[in-house]
Amino acid sequence: MFEQILFPTDGSDGAAFAFDHVADLADGHDATVHILNVADTTGNGILQIRGDDIDTLEQEGDRIVTEAANRAHQRGIDTVTEVRQGEPYREIVDYAETHGFDLVVMPTHGRRGLERFLLGSTCERVVRRADVPVLTIRPDDDVRVTHPYRNVLVPTDGSDCANQALALGADIADSEDAVLHLLSVIAIAALGADVRPDIRMGMVEENAHELLDEAAAFAENAGIETASTTVEYTPSIHEAILTYIDDYDIDLVVVGTHGRTGFSRYVLGSVTEYLVRTSPIPVLTVRAPEGDTKDVSG
């Protein structure tokens, strides 16, 4: 299902870590990997420096993409290489959308630091803006990256983004013969005070089960015969998802960039942002294009 994969790289250890998984995906899906380096000509006043300094950046970019391509060729993977100038996240998003890629794969941080909870600015901006699904990987010692995927998790709240994530998650589970897990998390603290809290909880619980039933029906129509469906009650949605990942040996979590609490093209939902920063497995983020949603109820 992934025929064209975009891999932006700055030649860092983080990028090298992520590229191993890119190669596994490309090998498993017989995909072509487009390796992109962006010579950052916007930082440190470089545009005010001599042209030969920009030439040096491009030469370094050529070296970086060539080394990555050689690694891919050793595994029989087809590649296309490209070096561009400009602001990295803008060039990555433009290149991804212009060429119609199926997937972008990035480490959460690169040359500017490997702090455990720091989400690199380039990665964050690509996740926020790209219409193409973005697979992020933390290049840290506690991260588990495996392929083929055996267990795929899709947390859902019934939002447009969650429905897009469900459609993609179902396709991945089908193509990789993986078990699809569907999770709805009820944030107890968000329910607020109520005269009849038992009634309110009952309504919320009923709605959560209806969402999961609709999601399971959608997955079945997509060719997934069995799907694990779970409703969790917790003060913290992202912590519940992380716990589920550990308890059920999840290999990939597919999540929308925004939930029901609000939608802005350039604002990353707090749950998704936390998952990208802390998840022990790859996170595939999906943004619902404006005016384009998938209905999972029919």
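Is the crossing of α3 and α4 left-handed or right-handed? In this predicted model, the crossing of these two helices is right-handed. The axes of helix α3, which covers residues 88-99, and helix α4, which covers residues 121-129, come within 9 Å and cross at roughly 35°. On the side of α3, the residues that take part in the meeting are Pro88, Tyr89, Ile92, Val93 and Glu97, and their partners in α4 are Thr122, Arg125, Val126 and Arg129. Sorted by class, this contact of α3 with α4 is made up of five nonpolar residues, one polar residue and three charged residues.

Helix α3 itself has twelve residues, and the distance from its first C-alpha to its last is 16 Å, close to the 16 Å expected at 1.5 Å a residue. The buried residues of this helix are Pro88, Tyr89, Glu91, Ile92, Val93, Tyr95 and Ala96. Just after the helix comes Gly100, which takes a positive phi of about 65°.

When the contacts in the chain with a separation of 6 or more are considered, 80% of them are accounted for by residues 24 or more positions apart.

Helix α6, which spans residues 197-221, contains Ala208, and Glu214 is found in this helix as well. Ala208 counts as buried because its relative accessibility is 4%, where the limit for a buried residue is under 20%. Leaving aside residues up to four places away in sequence, Ala208 touches Ser184, Ile186 and Val231. Ala208 and Thr230 are 22 residues apart in sequence, and the distance between their C-alpha atoms is 9.3 Å. Glu214, by contrast, has a relative accessible area of 30% and is therefore partly exposed. Between Glu214 and Gly158 there are 56 residues of separation in sequence, while the C-alpha atoms of the two residues lie 9.2 Å apart in space.

Several features of the backbone are found in loops. Most residues other than glycine have a negative phi, and most peptide bonds are trans. Against this background, the peptide bond that joins His147 and Pro148 is cis, with omega at about 5°, and Pro148 is placed in the loop between β5 (134-137) and β6 (151-155). A positive phi, near 55°, is found at Asp177, a residue other than glycine, whose place is in the loop between α5 (160-176) and β7 (179-187). Asp177 counts as exposed because its relative accessibility is 71%, and exposed residues are those over 50%.

Asp249 likewise has a positive phi, of about 50°, although it is not a glycine. The loop that holds Asp249 lies between α7 (237-247) and β9 (252-256). With a relative accessibility of 46%, Asp249 counts as partly exposed.

Note on methods. Residues are numbered from 1 along each chain as its sequence is written. This is a predicted model: local features need pLDDT of at least 70, side-chain atom pairs count only at pLDDT 80 or more; totals for chains, interfaces and linings use all residues. Side-chain values use heavy atoms; hydrogens and water are left out. Axes are lines fitted to C-alpha atoms, for helices over the stretch in contact, and angles run from 0 to 180 degrees between N-to-C directions. Helices (H or I, at least four residues) and strands (E, at least two) are DSSP runs, numbered from the N terminus. A crossing is left-handed if the near helix is turned anticlockwise from the far one by less than a right angle, and right-handed if clockwise. Contact means heavy atoms within 4.5 Å. Ala, Val, Leu, Ile, Met, Phe, Trp, Tyr, Cys and Pro count as nonpolar, Asp, Glu, Lys and Arg as charged, and the others, Gly among them, as polar. Buried means under 20% relative accessible area, exposed over 50%, partly exposed in between (1.4 Å probe, protein chains only). The expected span of a helix is 1.5 Å times one less than its number of residues.
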